[in-house]
Each structure stands twice: as structure tokens, then as C-alpha cells.
Amino acid sequence: MTKIKTLRRATTGLLAAAAMSFAGTAQAEFPDRPIEMTILFGGTANSIAQLLTDLMSQEMSQPIVPVSRTGGGGAVGYSYVVNTPADGYNIVWNSNSINTGNHMGRIDFNYEAFTPIARVSTEIPALAVNASTGWEDLSDMVEAVQASGDVLRVGISGRGSFTHLTSAALFDALGIGEQVAYIAYGDGRAPVELLAERIDAAIQWPGQFASYVEAGELNVLAVTGDTRVNVLPDVATAMEQGYDVNISMWRGLAAPAGTPDDVVAALQAAAEAAVMSDTFQEASDNIGFTPAFLPAAEFGALIAEDDAFYGALLTELGMAQ
Amino acid sequence: MDIFLQALASAMTPMAIASIGLGALIGLIFGSIPGLTFTVALALALPITFSMDPVPAIGLLLGTYIGGMTGGSVSAILLGIPGTPSAAATVLDGHPMTKQGNASIALGTAVIVSVFGGIFSLIVMIVSVDLVSRVAISFGPAEIFALVLFGLSTICGLCGGSLIKGLISGALGLMIMTVGLDTIDGVQRMTFGSVNMMQGVNLLVAMIGLFAVPFIIEAFAVKTSMPEKSQRISRVKAELPSIGLLGRNLWLMIKCSIMGTGIGAIPGTGGAIASFLAYDHAKRFSKKPETFGKGNIEGVVAPETANNAVTGGTLIPLLSLGIPGDPATAIVLAGLMIHGITPGPALFMNHAGEVYGMYVAVVLAYLWVLGLQLVGIRLFVHVLKIPRELLAVGVLVLCAIGAFSIRNSVFDIYSMGAIGVAAYVLVSFRVPITPIILGMVLGPTLENEFRTAMMLSMGDPEIFYSSPTVLVFFSLALLVIGLQAVSEFKAKKQPKNEVKADA
């Protein structure tokens, strides 16, 4: 064992020296072996993570390897990483699911079990309706719904999913929360269901709607974050339209609690360089997310703030455990 | 036409042709080795495509997808272990053909009809993508529920002797899939507080366990007599199916292609249901239904044509609606998105060149698959020369690796083992295994679509009898069950009397 360690140290020393001569950011001590990044979900989360690990590996003396541990709404991956040593060699590609997962009783630890490293990206949900409704913005919809007194059928991915929570917060802010029935699909079939007019409205990711908006088949009424999204630049935020809703899904990196500060700093620097790279910025438009780097301290504050918000929201929906 | 020529030029570059070929080869290897699945191959290939041009990148992914879909039949026929869920129906007659020494004919037929089905569905896709996607949109939760129920009714045809045993097996499959986090309500079901149980039973892990583990146990438990084994070695030959054989099955191939394309076009279904429906159809309309399950070539033709016809079919919702039909196409979708090709109705306006390039890539992928497979058959059949015990050890290792690699979960290896041992017990009680797979593939869709439909109708069951499409599928399901019950009754009458006389 010691022999291997010495050997490893020797190689690392060489590698680190080589790396340092190329880039000043790499540290002599960390990393001396590949870092494993646990991915919790498929789809967009996986696509961004693949790209991010590729770019971060170029910034570090050791590769960062993406490993997919999906299932249980993130519970499987979080549980794996939380039980690894706090040395920075096991990091997790996390999201708001750390907050919702804990409040819904899927994981028995909360965000405090992890040390934040950096926020990397945000995805801002959008609310779409069939173009035949003629609704152009939120107030059109609110007026029509209030006037008709009918129930609005809203498509979501599943109860307790991010699209459900966003919908609940948005329709409450619009004052028509009582007139909404949620239809859970379990996957991203919302655009088709809207097209077939089996549902009246749906909150999903802007990228899923973009092509339909261009073809004039769906109208996107609002995005729920505090900024507009690149794929749909003409769509105003809910706040711009006078409704107090600001929800977006963030993704970032975290390590088990107790990871040394210098290790976190090294990972944060690599993440920042990756996010700022042209490749990442270009890919963001294609995949449909917003690069949004935030350093460790501010990221931590954001997670704590979100935790209180989602805790209250889930309690209100009767889904908190 | 200009765009088409341009697309042809972009897809015919050496780089594109090579990457499609590489994809086809990777897919074939992962698809044909028991335990390894082409979904994993696609996940591995995805990062490689980041730095490539769009057409070669998509070509690599499509090649892997198509190669994998075709390769799944190889281990299904040779070893009786399907490489993919879509190939599970091929085991029923493909493996008996191997036992009769006709492995190469079964393999050759499988690849040729696969290519036929694939190209057929591509043509349908090219000429009618708009029309078909409109029809697919009309398939709501209630319609998909009815279609899946019809798919489940084919369990009747898979039971072998006893309908009861088939139903037990199918119900077990349905039950296994309820373990884990429920996607609709977000609650945990049958997890017993375990995080590992929360991820549920993965279909591919279960499939490896169900087919491979009994194979491994049998290899060691049953002391096969030496003469039989040597006999088998001497019979290994690489003979390809004759034109006449294919000609006789042309009508069946066309029917199964239509079936596969149609089912592939409906989001949320996929290859497995198509291949089982095709198999059931072939058996029902065959002149000699009693030879099915004993090595009837039609039992290979039907599912293999249908599951590859699904590849063209799934491209319809993928490209025109942006909806992936299964985990494999979800990865293809990710590859498209990264290259800025966002599927949806505007795709054909913005990226016509890339879309035509993809069509050419699919044709090229099938040509590669045909070439690689026909050469490969000569090598594949030699697997049968390996002594069963040694082969079983190899399969065991590959399956453990395969089960782990799907979700990087050690727990999945244990699940595979547990399910496999249970499967061996079932096999020894002569309970058929295939209905379990059918139940597992269709179970989650069946349940979720039913619940979503009930939510849509606010709890009113009217949604299930107000749509003509739903009623058609319900009637078809009833018809299949009715016919089976009648034939079962007729068949039982004679032996039953005998039993009574005995008692």
C-alpha cells in the first residue's frame, strides 16, 4: 500500500510539476488522482455534466470523470457521495433536488451535509399554452380563467417535481391557484399534450417549446426566473408582468461537508474557467441553459435560502415529510 | 433537391462513413454480448461526438443505435439470452433453431430482415413524417394505455402449455416494476426505507438476470452427456438463408414492418411491444402455429423485422416532436441538441440539410450492419464450440459488468443475481420467463398512462370508451384473449377426460 502511495506521489509530483508549468492554477497537492463527479439525472443534467467534466479536466492536472448514479430523484447519487471521504475526490453535480429530496423524505440528510463548490448553470422554466387560445401573456390567461370559472388543466412531470413546484408557486402568485388541476405525465411529453389540447397549460424547459413557438403552434406566456432566456428572448419574465415569482433551477457542484478550503478553491477555479469558456457558452444556447457561475460562499447562501422556500412550499402542498 | 445533394455530400465524406461504421460496430458488439447493452454503448459514445461535425456525430450515434438493435438478436439466437429487451421475442424460436443446428440460418435471416425492416421504416418516415406525427399526437394517455393493454394480451400466445402459468409470470413482471420512486406521485413504493430500492429494478438488469443466470446455473447443474455436445460442435456451419426462404416470408416482413413503424411512431412505446405483437401475429396467422417455439423461422422473421422497423418509427416523434421513445433514443436526442439541432416542428425548416444527412446516415448504418453481420456470423457461430461451462463463466463475468455499468450500482449486481435465481426456480416449475419481460417492459407505461388518463378526465372512466382508437385496441385485446381461451378449452378437453379416467 505504502509503495503504491509513494509511486503515486512520485507520478503526481511529476504531473503536477508539468501541469504547473502550463497553468498556474493547479495545486501541488490536489488533485493527485482522478476526481469522480456523480451525476444524478439523465437528459439536460447529463449533457451539461458531460461537457463540464470535459472542460474542467482541461483545467486540472487530473481528469474529472462523470459517473452516472441516477434514480430515486437524486437520492441514490447524494447518498453515495455523502458517504465518501471529504477530500474532494468525490463531488456531486447537484441541483435544487438536494432541498426537495430532503423535505420529501427521500434522503435523511439535508444540504448541510455538503460543502458548496460553485454554481454552474441555471435553467429557467417557461409556461406555454396552445396558440389557439389566443393568450399572449399571463394576464390574458388569468382573465380568461377567472371569467370562465373553468378548471385549468396544467401538465407537470410528476407530483413534487420541479415543474410541479414552479407551477404551484406561479399559479398562487397569479391568484388562480384554486382553479388549477395538475396532470402528471412522469416525463417530458407536455408539448405534445398541449398541441393535442388535452391540457391547457404546461411548465417545462424553454428548449422543449422553442421549436413549437417558431412554428406558431404554442405561445409561451412567461418565464419564471428573474431574467429572460436566450432561446425565447421575446418572452417576458413573470416579474416583468407584475407577478412576484422568481424560481429557477440551479445546478452546481458540491463535495461532502468538511472538504478542505484549498481543495474547494481549486475545484471552484476549474469550474469558473470551464463556465467562462467559449465552448460552454456556445453549448448553453443549444442545450437550453444559462451559464451562471457563482462562487462557493454565495452558492451556499443561495442553497440555504432555497431550502427554506421549498420547505414552506412543500408543506403548503402537503408533500413535506 | 439541392439540399438533398448537399446532405448526400455531407454524409458521404470518409469521416462520416467511418464514424457510422464505427458506431455500427460498437453497437453490434455491445448489442450481441449478453450483459452489455447498447444503451451503455450510446452513453459512452456521446462525449466522443461533442467535438465532431453534426452529421458524423449523429451518424456515430445512429450507427450505434441501429447496430445495437440488430446485434441484440445474436446472443438471443445463439445462447437464448436476449441482448436487448426488443430481442426477447426472438429467443422463442431463434434459440431452438440453434439447438437444431441452424444457428447461422437464423442469424442470417435475422440480420437480413432487420435491414429490410429498418429501411422500410426509414422510407415511411421520409415520405410521411408530417402525417404520422399528426396521428401520433392524437395518441393521448388513454390511447397509449389501450395499445399497451393490447400488447399485454400477447402473453396468451407466450404461455406455452398453461395460461395460468403465463399469467403468473406476466403479473410478476408488472409487480417488480412497482418497486421504487413512483414518477407520478413522487412517493416511494416498496422500498423498505432503502435508498438502493428507491432506484427501482432496472429493466436491463432484470433482463440480464432472467435469461443469463438460468443459463449459467443450468450449465453447471445439468451434466450434459458428452456425445450430445460433440454432436453439436460437428453441426456448426455458416450457412446463409436462401432467397426462397426470404421470398416466402416477404408478406410477413412487410406486415411486421408496418406494425413496427406504426408502434415506433407512438411516443412511449418502443421495440419490445412491437416485436411481441409481431411474433404473436405471425403465430396466429401461420399455417403451422404448433411449430412456433420449436424453431420456426417465421418466429425469427417477425420480431426482428418489427424491432428494426421501430428504429425508423421512433425517429418520427424524435425529430418532429422532440420526444425520445426509449432511453437509447434519449441519448441520440442529447447528441442532436448539443449540435444545435433542436427537434420539433421547426426542425425541417431550420435544419433540412442535417435531417437529410441523417436519412442517408441511417441507410449507411444498415449497409454497415448488413456487411459486418454477414461476415460476423462466420465468427459468431464458433461461440457454440466453446464448452458450455467455460462459456457460462464468461457470460457470468460479462453480466456482472453489464449489470453494474448501467447505473454504476453494485446493488444492481445483487438484484441481477436475486432475480436470476428466482427465474431459475420458475423455469424449473415450467413457468415461462418471457411474459415477465413483457410485464416489466409494459408495466410502468400501462400504470402511468392509466393514472394520467384518469387525472385528465378528473376520475371519469368515460375517457376509456369515448375514443374510437381506444375501443379498437380494447376489442383487439379481447379478441386475442377470447381466441386463446377457445383454443385452450379445445386443447384441454381431450387430455382432461384422460386425466379423469386415470383418477
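Helix α15 of chain B is mostly covered: 13 of its 15 residues are buried. Keep in mind that this is a predicted model. The helix runs from residue 271 to residue 285.

Next, another helix of chain B. α21(B) covers residues 410-428, so 19 residues in total, and reaches 28 Å from its first C-alpha to its last. That is close to the 27 Å expected at 1.5 Å a residue. Which residues of α21(B) are buried? They are D412(B), S415(B), M416(B), I419(B), G420(B) and A423(B).

Staying in chain B, let me stop at one proline. P324(B) sits in the loop between α16 (298-321) and α17 (327-338). Is P324(B) buried or exposed? The cut-off for buried is 20 or more other C-beta atoms within 10 Å. P324(B) has 25 such neighbours inside 10 Å, so it counts as buried. Leave aside residues up to four places away in sequence. P324(B) then touches L318(B), T329(B), A330(B) and L333(B).

Over to chain A. It has 11 helices and 11 strands. Its radius of gyration is 21 Å, close to the 20 Å that the globule rule gives for 321 residues, so chain A is as compact as a globular protein of that length. Along the principal axes, its C-alpha trace spans about 75 × 40 × 30 Å. Buried residues make up 55% of the chain. Then the contacts. Take those in chain A with a separation of 6 or more: residues 24 or more positions apart account for 76% of them.

Zoom in on one strand, β8(A), residues 201-204. A201(A) and I203(A) point one way, A202(A) and Q204(A) the other way, and all are buried. Which way does β5(A), residues 126-130, run against β8(A)? The two run antiparallel, joined by 4 bridges. Within that pairing, V129(A) stands opposite A201(A). β6(A), residues 152-156, also pairs with β8(A), in the parallel sense and over 2 bridges. Here V154(A) has A201(A) as its bridge partner.

Last stop, where the chains meet. How many residues does each chain bring to the contact? Chain A gives 46 and chain B gives 39. On the side of chain A, the elements that give two or more residues are α2 (43-59), β2 (64-68), α3 (75-82), β7 (180-184), α7 (190-195), α8 (206-214) and α10 (278-287). By type, the residues on that side divide into 18 nonpolar, 19 polar and 9 charged.

Key. Residues numbered from 1 in each chain as written. Chains lettered and ligands numbered in written order. Predicted model: local features only at pLDDT ≥ 70, side-chain atom pairs only at ≥ 80, totals over all residues. Expected span 1.5 Å × (residues − 1). Buried ≥ 20, exposed ≤ 12 C-beta atoms within 10 Å, placed from the backbone. Rg over C-alpha atoms; globule rule 2.2 N^0.38 Å. Contact = placed C-beta atoms within 7 Å. Pairing = 2+ DSSP bridges. Nonpolar A, V, L, I, M, F, W, Y, C, P; charged D, E, K, R; others polar.
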